[in-house]
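Please read the notes below with the sequence and the 3D view open side by side.

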Amino acid sequence: MTTLVFSRLTPDIVLMAALTVLSVCGVLDAKQALSGFSNEGLITVAAMFIIAAGIRASGGVELIVNLMLGNPKNLRSALFRLVLPIIPLSAFLNNTPVVATMIPAVTRWSKRIGVSPSKLMIPLSYAAILGGTLTLIGTSTNLVINGQYQVLTGKSGFGLFDITMIGLPVAFVGILFIVFLLPILLPQRQSASEQFADRKKFTFEVAVAFNGPLEGVTIAEAGLRNLHKIYLAEVERNGSIVTAVSSEEKLQGGDRLVFVGETSAIFDILRTNGLVPSDNQHPVIEKDAPERCLVEAVVSPHCDSIGTTIRDSQFRDRYGAVVLAVARNGEPIQGNLGSIELQAGDVLLLEARPAFVTRQRVQRDFLMINDLAETRPNHSRANLSWALLLGVIILATSGLTSMLNAALIGAGAMVATGCCSINEARRSLDLTVIVTIAASFALGNALQISGAADFIARHVLSIADGNAWLLLGLTYIIVSIMTEVITNNAAALLMLPIVLAITGSLGLNPEPFVFATMVAASASFATPIGYQTNLMVYGPGGYYFKDFLKVGVPMNIIIAITSIGLIPLIWPLSN
């Protein structure tokens, strides 16, 4: 756990390393170490990713949202209209694709109704989190806890709507907090579009002299590649724009070269023999051109370039796009762009070819906020995708088949009916989440097999002095804190064997403690790193880390009080 909290390694790497150590040292045999990869809960999660991809790709989410957002008269009305569709959507779909779909929609909506995105993005994430507590399939955490519970206890597990009895009051309290308190607590910040509005602040242009020494010379030969403080973004030639300029592109007299970076470097670049000041009154960067697509995008947690500088990541060659500006913590980053080390949640202003937008709709490196070539999904299969999800719910709740089989049938039907393609289904499988869950299963097994769970349980019991209600509160608080600093799935799966050891020692009913673990692992509001949807809205909302603490800590406390107070009234603590 210390490595997860303090290192920069991702949870899947840390947990797989721990699994390897436990297997090599003989704590777990091969079957125990790899059992997580065949767990029913994990396979159900994978199938639900595909079902969510089908609804998203078919335009099902956007169809529902567009019908419900409308034109609110004030901020509280806007928040109510926002959470109203998001909570039920997230109850039956993985909330990550729901939020990914909603970010550009909410960004456009905020402009139309004149509300800052900083007033809407955190509520979007919180509503998705609350929706996940409503059903067993609302979040991967619920599914994997159920799967591990079945393995550790030999019981049949929980029904689709068993958690709804606590999820509904929790969601109701959360909605009241979002609608009535968040408008007061959330900051008023500039949107990414406003931060990047004056492009002349971070670009400048020069021209290639006619009959000069640079005519017919490539970009590389002219020494205009791998510059220290700036880099070449585009070239205007005879009214057309050359974007993501190749090093082998040959210069022509009259070319206007647009550079990005420290604008003071214009004096250095003009010392290059053959370059002269540009005398055109209309800056190239302000021109509309079909060859160019200006895109605002958020670096997703899955981006391969996280942790490397823009220059070292070979951004231009890898993505076919040029970074014009970067914003972090609600402010544009000044200085040498090439030396900026990308982080998840950074907002980028990119100049890209139109194909970039098409690729990134199906890839996982960036979340689109705005793009000039935006297209709407075809909604012709939206109703069909919702019908297939309804079929999954009916199959799972009627007892005709298991949750696993219902999810597998639904995933197969999404692909077979064309709601999503095979490639979209494949890309929807979040490998980081899947590996983290599978490795967490193994660590949970190790805690139980090694006796560590019983050891920790005895210490928790000594603190609670056998008080069942206090034990429930401690369980919730410990899981909640772990979720904020590691991941929700890992926190839940590491705590579950300890929870079962505690309840087994005192002869208590394990169900209320398991449901407390589910809610606590999902109800992560206080930091942008505690839950993936929080990180996803971090950049688009222009937030600082402290903004999440300011609104998330009270939200955590209110949800905790509601859950701890109501769970014993719904499920008896004693057998």
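Which helices are included in what covers the buried residues of α5? The cover includes α4 (40–57), α6 (75–92), α7 (95–113) and α16 (382–398), and point 3 returns to this helix.

1. On the source of the model. This is a predicted model, in which local features need pLDDT of at least 70 and side-chain atom pairs count only at pLDDT 80 or more, while totals for chains, interfaces and linings use all residues. Residues are numbered from 1 along each chain as its sequence is written, and side-chain values use heavy atoms, with hydrogens and water left out.

2. On the overall form. The protein chain holds 25 helices and 10 strands; here helices (H or I, at least four residues) and strands (E, at least two) are DSSP runs, numbered from the N terminus. Its C-alpha trace spans about 90 × 55 × 45 Å along the principal axes. The radius of gyration is 26 Å, which agrees with the value near 25 Å that a compact globule of 575 residues would have; this radius is taken over C-alpha atoms, and the globule rule is 2.2 Å times the number of residues to the power 0.38. Of the 575 residues, 57% are buried, where buried means under 20% relative accessible area, exposed means over 50%, and partly exposed lies in between (1.4 Å probe, protein chains only). Among contacts (heavy atoms within 4.5 Å) between residues at least 6 apart in sequence, 80% join residues at least 24 apart.

3. On helix α5. This helix covers residues 60–69, and its buried residues are Gly 60, Val 61, Glu 62, Val 65 and Leu 69. An α-helix has 3.6 residues a turn, so residues three or four places apart point the same way. Just after α5, Gly 70 takes a positive phi of about 65°.

4. Asn 488 belongs to helix α22 (residues 488–506) and counts as buried because its relative accessible area is 11%. Its side chain is joined to that of Thr 141 by a polar contact of 2.8 Å; a polar contact is a pair of N or O atoms within 3.5 Å, where within protein one must be able to donate a hydrogen and the other to accept it, and residues adjacent in sequence count only if both atoms are side-chain atoms. Not counting residues up to four places away in sequence, Asn 488 touches Thr 139, Thr 141, Thr 483, Ala 521, Gly 530 and Tyr 531. Thr 139 itself sits in the loop between α8 and α9 (140–153), is buried at 3% relative accessibility, and, with the neighbours up to four places away again not counted, touches Gly 132, Asn 488, Ser 522 and Tyr 531.

5. On Met 121. Apart from residues up to four places away in sequence, Met 121 touches Ile 103, Val 106, Thr 107, Val 537, Pro 540, Gly 541 and Tyr 543.

6. On the loop between β6 (293–299) and α14 (315–319). Ile 310 lies in this loop and counts as buried because its relative accessibility is 5%. Leaving aside neighbours within four places in sequence, Ile 310 is in contact with Phe 315, Val 323, Val 326, Leu 337, Gly 338, Ile 340 and Leu 342. Gln 314 lies in the loop between β6 and α14 too, but Gln 314 is exposed, with a relative accessible area of 53%.

7. On positive phi values. Most residues other than glycine have a negative phi, and most peptide bonds are trans. Gln 314, which is not a glycine, has a positive phi near 50°. Asn 211, also not a glycine, has a positive phi of about 60°; Asn 211 lies in the loop between β1 (203–208) and β2 (230–237) and is exposed, with a relative accessible area of 71%.

8. On Leu 168. This residue is found in helix α10 (residues 164–180) and counts as exposed because its relative accessibility is 52%. The C-alpha atoms of Leu 168 and Gly 131 are separated by 8.9 Å, although the two residues are 37 residues apart along the chain.
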